[in-house]
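Take a first look at the sequence and the structure below.

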Amino acid sequence: MKAVFAHLTGQNSRQGLWILPLIAGIVGFAWLAVSTDQFATPQNAKNLLAQAMPLIIVAIGQMMVVLLGGLDLSVGAVISFTTAILALDAPAAITIPAVFIAAIAIGFINGTTVTRLNVNPIIATLAMQMIIMGLTRLMRPVAGGEVPEVVKQLVSGAVFGVPFTVFWGLLVCLLAWKMLYGSRFGLHIFAIGGGIASGQSDAAHTFGIADKRTTLLAYIGCSCFAALAGIFLAGRIVSGDPNIGPPFTLDSVTAVAIGGTQLSGGVGSLHGTIIGALVLALLSNGMNLANVSAFVQTAIKGAVLLAVVAFQSRKKIGL
Amino acid sequence: MHPNRSVETPGVPLVEMRNISKSFGPNRVLSSVSLTLAPGSVHALMGENGAGKSTLMKILAGVHHYDDGEIECGGQAERIQSPKHAQELGISTVFQELSLLPNLTIAENMFLGREPIALFGTLDRKRMYEETKAALEELDLKLSPGLLVSELSIAERQFVEIAHGIKARADVFILDEPTAALNAADVEVLNRQIARLKAAGKAVVYISHRMDEIFNVCDTVTVLKDGRHVASEALEGITESDLIGLMVGRDIKDLFPQRGANFEDVLLSVQDLKLQADSPPVSFQLKTGEIVGLAGLEGQGQQDIVRSLVGVFKPDSGHILVSGGARALPLPAREGIRDMQRLGLAFVPEDRKEEGLYLGLSVAHNVGISLHSQRPGLAWAKRYKQQVTDAVTSMSVKASSKDTSVGNLSGGNQQKVLLGRYLAAGMKVLVIEEPTRGVDIGAKSEIYTLLRQFADQGGAVLVLSRETIELIGMSDRIMVCHDQAIIAEMQAAEATEHAILDAALSTSSEANERAAVA
């Protein structure tokens, strides 16, 4: 019993502290449901889901990189870039593969600069973010264009009253679960991150793990998840928009951190990240309903990130 | 003793390394070294730091590649390519720095790099769990394979590494300073495991600086010096001093400098120090020119006594007088050390890497910090170039320059830097724990000389060490602790290991009488 409790507090747990955000989320949900009439409506539930889904997708990708002790600040740019590509005057059969080819290329460059050239991940991906944002604004300086009908359908359609969004969400989570917990790749991510976090960065290598290749794949995966989120957003706004992506960069990091994943690597969980994204979406949704100014919202999110990271110091949680 | 005298080996050796040479750039670290590992033997590999032990073992473990020579595993010539290849050949290493990953379970660590795969590429966790359980049971370990390694003690982690080797059906186990972080009870368990491996016909390579362990555990020894093979012998019939002689090429008596002669003024005086409210009061004095050793069995309060003097440990009560300045004990934890330094008392902790040095900073910074800390916090930093250079030269620190970061130095040189820090600051009393821990014999001798010089120049040293021979050799006077009290005191020149142990165990009435007199 005591062990279970210790585990839930995040001590000696590879999953980090996820129970606290879950409780906070439930309490917040209950409080909003009771105090605001607009919250518990079908329309708002739809809004909330639509807000949370792309964040969940980006955050899952971000988590893979964070588990390796890295950080990907280019995800927001990849999202914008994706919407810009989809809004080109071309059929979906060309633009959708193009989106993923671009994502793989971006992830490959990110991963290579980090693993082979030993550039700090923050700098490497920040530079990439600037490059991609520049290209995006070149293609589409302001929001506009038309996204193919298929993409629209895939996002906003529904079967038996259940929106497609739910299926996509389940599919992405299942895929991520398989990658993280049901494969060597996932175990190796934890192994490499654990080595880095405990100050023996080549520990995983001495076990015969291809650490550089695994890290590279994680960065590629992260970009692809961001592209997926970009497709989802493009289907919703039905156009290309350079400004839609950037907020997701820090939001994804915040969601990952709220969910108990340690930024130093090796500790974190998929369910924690999903909870983190939901809590953050709930926070935004609640502030929207309360008519909090968008600028204040940004400030509050920043404060939340700071508080969450400061609270989960390595000595208390995890390894 | 005849070099390369061969040892009787039953059957085909598990591993035979012949005439291995290795250079790192222009540095030749191994020249024509040979090592034969017989089944069912525990082979001590000895030599000073830098003698090439670690390099030789890393070659065997596939971490480094050799330039010249040959390796045979089980009669088959092999060129070991990588750590993975070495594992496949049945060579398992428990390195000094533990390599298990703290955030994985025991089972995951056991299988890392070659995980079994079930349907659709999923990890076969059930098989991992069960095979790990079996491997742990083989070592009589009652650990659940699902435990995270971060939850294990250091000893348990080492046993898991050994289990890792057993699981991989390894024939050769390399244990590089396995007991460095273990307490006595865990060493006991480790020795049992080693005996078990030996009985199972495995070969164990055992690297350690602790003589008693070598003689307890091993049956064969190979000595390296400066990258050369000195001797391979059966340990039977070799004495400790023979072995040291082989390692340093000189006699053990020559290790220690001349003892001090005239002790005059009292530099440090401790009165009625009570570690706990109900423990007996401890009083002692240190005079100029004197080196005093504190001996005793593990955990008898000697470390607490030492640490009380600088405020790291909080005793119940007492008084301390350092070169004229009187303070009441316990000292405040935050200010204690700095206050004592102002009075001229410096403390060199046992764990110099964790508690003493700034590993990332240069030699110059590590030495200079004590000079800087004597001045107000916002004062312009002086360069202290001369003082630092003097200290580094007088300590004969072997570093390529003053700007080399301390983390890159050998244990002996790190210790010298730490000593240099306090000598540069003009300290009067040095309180030092385990002055030669993890330090090779050559550097040990230099450190003894440095401490003696410090005493001769009007200082006094209080030293705590687990190595009794060292205490007898370097001190002028030895105080033996038992149950939080100093129970006996003797002149080091007349002390024997036996007498100290007797007193420490507090069994003989003689020791009690001596305590009464003291």
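Among the elements of chain A, helix 1 (residues 2–8) has the lowest mean pLDDT, 63. Helix 4 (residues 75–86) of chain A has the highest, 96. These values matter here, since this is a predicted model. Chain A as a whole has a mean pLDDT of 89. In chain A, 94% of the residues reach 70 or more. One stretch of chain A, residues 315–319, has a pLDDT below 50. In the model, residues 315–319 of chain A still have 18 contacts beyond near neighbours in sequence. Where pLDDT is low, predicted coordinates should not be read in detail.

Now move to chain B. Its domain 1 is made up of 1–90, 172–177 and 203–252. Domain 2 of chain B covers 96–170. Between the C-alpha centres of domain 2 and domain 3 of chain B lie 44 Å.

Next comes a sheet in chain B. Strands of a sheet pair through backbone hydrogen bonds, parallel or antiparallel. Here four strands of chain B form an open sheet, and the pairing is antiparallel. Their order is 12-11-14-15. Which strands are the edge strands? They are strand 12 (282–287) and strand 15 (325–329) of chain B, and each pairs on one side only. On average, neighbouring strands of this sheet are turned by 10° against each other, direction ignored.

Strand 14 (residues 317–322) of chain B pairs with strand 15 of chain B over five bridges, in the antiparallel sense. B:Val322 has B:Gly325, in strand 15 of chain B, as its bridge partner.

How values were computed. Residues are numbered from 1 along each chain as its sequence is written. Chains are lettered from A and ligands numbered from 1 in the order in which they are written. This is a predicted model: local features need pLDDT of at least 70, side-chain atom pairs count only at pLDDT 80 or more; totals for chains, interfaces and linings use all residues. Domain bounds come from an automatic or database domain assignment. Two strands pair if DSSP finds at least two bridges between them. Helices (H or I, at least four residues) and strands (E, at least two) are DSSP runs, numbered from the N terminus. Axes are lines fitted to C-alpha atoms, for helices over the stretch in contact, and angles run from 0 to 180 degrees between N-to-C directions. pLDDT is the predictor's confidence in each residue, from 0 to 100. Two residues are in contact if their C-beta atoms, placed from the backbone, lie within 7 Å.
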